Structures are given as structure tokens and as C-alpha cells.
Amino acid sequence: MDGQVYFYEDYLALTEVINKCRKILTLSLIPFKVFQKFGKFIVLGFLICVTLLITSSTIKLKENSLNVCMNFLMLSGYIQVIMKVYSIVTKSDYLNSILEWIQSLHLVPDCDLFKIAAEKHLKKTMWIIKYISMMLVILYFATNLSMSIYSIATDRRVLQVPSILSQEVPYIVTYIPQILLITVSSHILTMSDMVFIHLALYFLHL
């Protein structure tokens with residue numbers, strides 16, 4: 001790396017967040033060869049399975065229009081998440097190139113006038129990134145929690161697992177798989193959006 005780097009600590013923090021999100025989405029944080037090699041397919045497979053379950057539930061829920069609408073919204077959301085995760089886990093070379101380009105933005109220009117402008121721009125960009133990231137995590141957590149509570153309180157089964165559809169199963173047990181699957185999916189959505197939002201803000205503030 002040539003030259004002095006401006007706001008380098010902020011740049012390192014940014015890349016650390018992005019790389020951690022990428023490692024979580026590919027399960028490469030788990031120190032086993034099977035996860036190192038096939039982790040990205042496991043995450044994609046999980047999302048596809050949940051999408052198929054929602055599709056199956058939507059077909060069966062003909063008597064409740066509200067549940068059908070909720071399922072359609074969930075289905076469209078999962079399709080978007082699958083596309084995001086797929087692009088992240090399969091286009092690692094492109095993401096690395098973008099991170100290198102972002103690093104070049106932090107190089108201090110020789111001209112003092114450009115240096116002042118770069119300082120102001122990067123400081124504003126990093127502040128916006130940190131603020132939006134914090135808000136993103138809080139909003140996704142609040143949405144997931146409120147949706148789980150609402151589904152239990154109003155008996156809304158957005159996602160039904162075939163093996164526990166029996167009426168003899170306790171009321172709360174029928175919602176455990178739904179809450180778990182939606183919670184895990186919400187974390188995956190948060191990780192993928194963190195990557196895209198962090199990168200997009202640099203382009204928006206050029």
C-alpha cells in the first residue's frame with residue numbers, strides 16, 4: 001500500500017464488518033473443512049428450504065386472506081434474500097476488488113485542497129455508515145421480535161412445518177419452528193444488507 005492512508009482505522013473497521021458478515025454467510029467461521037468448503041451452499045439451501053415451506057403454506061392457506069398476504073410478502077422477501085446471499089457468496093473476487101477500491105479512497109491526496117475535501121467527505125460517509133448500520137440492526141431485531149409476538153398472539157401461522165401440524169401438539173410448540181426459522185433468516189438478511197449498504201454508501205457519496 002503506497003502513501004499515507006486517511007481514516008485508516010475507520011476503513012479497517014468497515015472491512016472487518018463486511019468480512020465478518022461474509023464469513024457468517026458462508027459459515028467459514030466454523031473451523032471444519034465441510035463448512036469451509038460447502039458453507040455457502042448450506043446457507044443458500046436453508047433459505048431455499050424455508051422458501052419452499054412458505055410456498056407450501058401459502059397454497060394451503062386458502063381460507064385466510066390475511067395469512068395469504070403475509071405469506072406472499074414473506075415469499076417475496078425470501079427470494080430477495082436468496083439473491084443477495086447468492087451474489088455475496090459467489091462473487092467474492094468482485095467484493096474484494098471493491099474493498100481495494102474503497103481503500104484507495106482513503107489515500108491522502110498531495111494537494112491540500114483535495115485533502116480537506118477528502119477529509120470532510122470520508123468523515124461524513126463513515127458517520128452515516130455507522131449510524132445506518134446501528135439503525136439497521138435495531139430495526140431488524142425489533143421487526144423480528146414484534147412479528148413473532150404478533151403471530152403467537154393472533155394465531156397467524158406464516159410458516160407451517162408438516163411434521164407438527166397435528167392439533168394434539170401444544171399451542172406454543174406449533175410456533176417454535178416458525179419463530180426459529182424466521183429469526184435465523186432475519187440474521188441472514190441483516191448480514192447481507194450490512195454488506196450491500198456499507199458498499200452502496202460509498203458510491204452514493206462520491
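**A walk from the cysteines to the helices**

Let's start at Cys49, which is partly exposed at a relative accessible area of 48%. On this scale, buried means under 20% relative accessible area, exposed means over 50%, and partly exposed covers the range in between (1.4 Å probe, protein chains only). Cys21, by contrast, counts as buried, with a relative accessibility of 4%. If you are wondering about disulfides, a search of the whole structure turns up zero, a disulfide being a pair of cysteine sulfur atoms within 2.5 Å.

A word on what you are looking at: this is a predicted model, in which local features need pLDDT of at least 70 and side-chain atom pairs count only at pLDDT 80 or more, while totals for chains, interfaces and linings use all residues. Residues are numbered from 1 along each chain as its sequence is written, and side-chain values use heavy atoms, with hydrogens and water left out.

Charged pairs come next. The whole structure holds two salt bridges, each with a side-chain nitrogen of Lys or Arg within 4 Å of a carboxyl oxygen of Asp or Glu. One of them joins the side chains of Lys20 and Glu16, at 3.3 Å from N to O. Both residues sit in helix H1 (residues 8-26), four residues apart, or about one turn of the helix. Helices here are DSSP runs (H or I, at least four residues), as strands are (E, at least two), numbered from the N terminus. Lys20 is partly exposed at 47%, and Glu16 is partly exposed too, at 44%.

The other salt bridge brings together the side chains of Lys84 and Asp193, at 2.6 Å from N to O. Lys84 belongs to helix H3 (residues 65-90) and Asp193 to helix H6 (residues 176-204), so this pair ties together parts that are 109 residues apart in sequence. Lys84 counts as partly exposed, with 24% relative accessibility, whereas Asp193 is buried at 7%.

Further along H6 you will find Leu199, a buried residue with a relative accessible area of 8%. Its C-alpha atom is separated by 8.0 Å from that of Ile98, although Leu199 and Ile98 are 101 residues apart along the chain.

H3 and H6 return at the largest pocket, where H3, H5 and H6 each supply at least two lining residues. H3 gives the largest share of that lining, five residues. The lining has 13 residues in total, and Met74, Met147, Ile182, Ser186 and Leu189 are the ones nearest the centre of the pocket. A pocket is an open set of points on a 1 Å grid over the protein atoms alone, where a 1.4 Å probe fits, with protein on both sides within 12 Å along at least five of seven lines; lining residues have an atom within 4 Å of a point.

Now turn to the surface. Trp127, Tyr131, Met134, Met135, Ile138 and Leu139 form a nonpolar patch there, with about 630 Å² of accessible area together. Such a patch joins nonpolar side chains (Val, Leu, Ile, Met, Phe, Trp, Tyr) within 5 Å, from residues with over 30% relative accessible area and no salt bridge; areas come from the Shrake-Rupley method with a 1.4 Å probe. Tyr131 lies in helix H5 (residues 112-153) and is partly exposed, at 42%.

One last stop is Leu27, in the loop between H1 and helix H2 (33-60). Leu27 has a positive phi of about 60 degrees, although it is not a glycine.

How values were computed. Patch = residues over 30% accessible without salt bridge, like charges linked within 9 Å, V, L, I, M, F, W, Y side chains within 5 Å.
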